[in-house]
Amino acid sequence: MIAQRIEQLLKEIKTLSQGKTKLIAVSKTYPATIVKQAYDCGLRDFGENRVQELLPKHETLPPDIDWHLIGHLQANKTKYIAPFVQLIHSVDSLKLLQEIDKQAQKNNRIVPCLLQMFIAQEETKFGLSHDELFELLDNPAFANLQHIRIKGLMGMASNTDNETQIRKEFKQLRSCFERAQNNYKNIANLDITELSMGMSNDYRLAIDEGSTMVRLGSKIFGR
Ligand SMILES: *Cc1c(COP(=O)(O)O)cnc(C)c1O
């Protein structure tokens, strides 16, 4: 059953995005045995939102999985994922970036990160505002970080059925993305190519608005 769902999803995402959008399978709360089934269907990119859950899965599942951290990261947990994490989607402060940079350096790595933007109407979600994003990118302390690479932006739209609202939020994120892409060329630790937006309920809209990574959990693994 999971094999069929994955096959259909991959086909659909490929068609809708003309091959420009990657599927990140969000495996949080699902046991490693189920994640392995998705792996056996060919998926290699998996996302977790908690470090405590990511670590045991990283240890038990095949080593060629690319692990994405998509949930809020506490600075003191950074050291556990710095040796292997493929992409941190949820960076929303300079302070956290500085800690990631420090831990990446210890591991002799450059850790790819996305800056998480706040685009939803809800109050609870983490993320930067438009102004905070550009303040961060303009901060001289940011330019000094040599062991991180900002690959783009991530955002979560409001949890609503109102398509107009969701589209508006994705457009807002896309416009920050384009502004960052166009105005911050030739900066060593910036390479803005990824726009991580779209979850099970809104990935079609997200792809339509230019997403390069959709993060799907329940759509793949069920509820
Ligand atoms: C859980 C989660 C997802 C996946 O949500 P679904 O609705 O199950 O697809 C995507 N992104 C983040 C940040 C999440 O926490």
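I began with the lining of the largest pocket: its largest share, three residues, comes from α9. Helices here are DSSP runs of H or I with at least four residues, strands are runs of E with at least two, and both are numbered from the N terminus. This is a predicted model, in which local features need pLDDT of at least 70 and side-chain atom pairs count only at pLDDT 80 or more, while totals for chains, interfaces and linings use all residues. Residues are numbered from 1 along each chain as its sequence is written, and side-chain values use heavy atoms, with hydrogens and water left out.

Next I looked up the pocket as a whole. I found 34 lining residues, with K28, M156, M199, S200 and N201 nearest the centre. A pocket is an open set of points on a 1 Å grid over the protein atoms alone, where a 1.4 Å probe fits, with protein on both sides within 12 Å along at least five of seven lines; lining residues have an atom within 4 Å of a point.

Then I turned to the ligand. Which space does the ligand take? I noted that the ligand sits in the largest pocket (more than half of its atoms lie within 2 Å of the grid points). Around the ligand I listed residues including V26, I70, L216 and G217 (a heavy atom within 4 Å).

Last, I checked polar contacts, pairs of N or O atoms within 3.5 Å. A side-chain N or O atom of K28 is 2.7 Å from a ligand oxygen. For S200, a polar side-chain atom lies 2.5 Å from a ligand oxygen. The side chain of R215 has an N or O atom 2.9 Å from a ligand nitrogen.

How values were computed
Polar contact = N/O pair within 3.5 Å; in protein donor to acceptor, adjacent residues only side chain to side chain.
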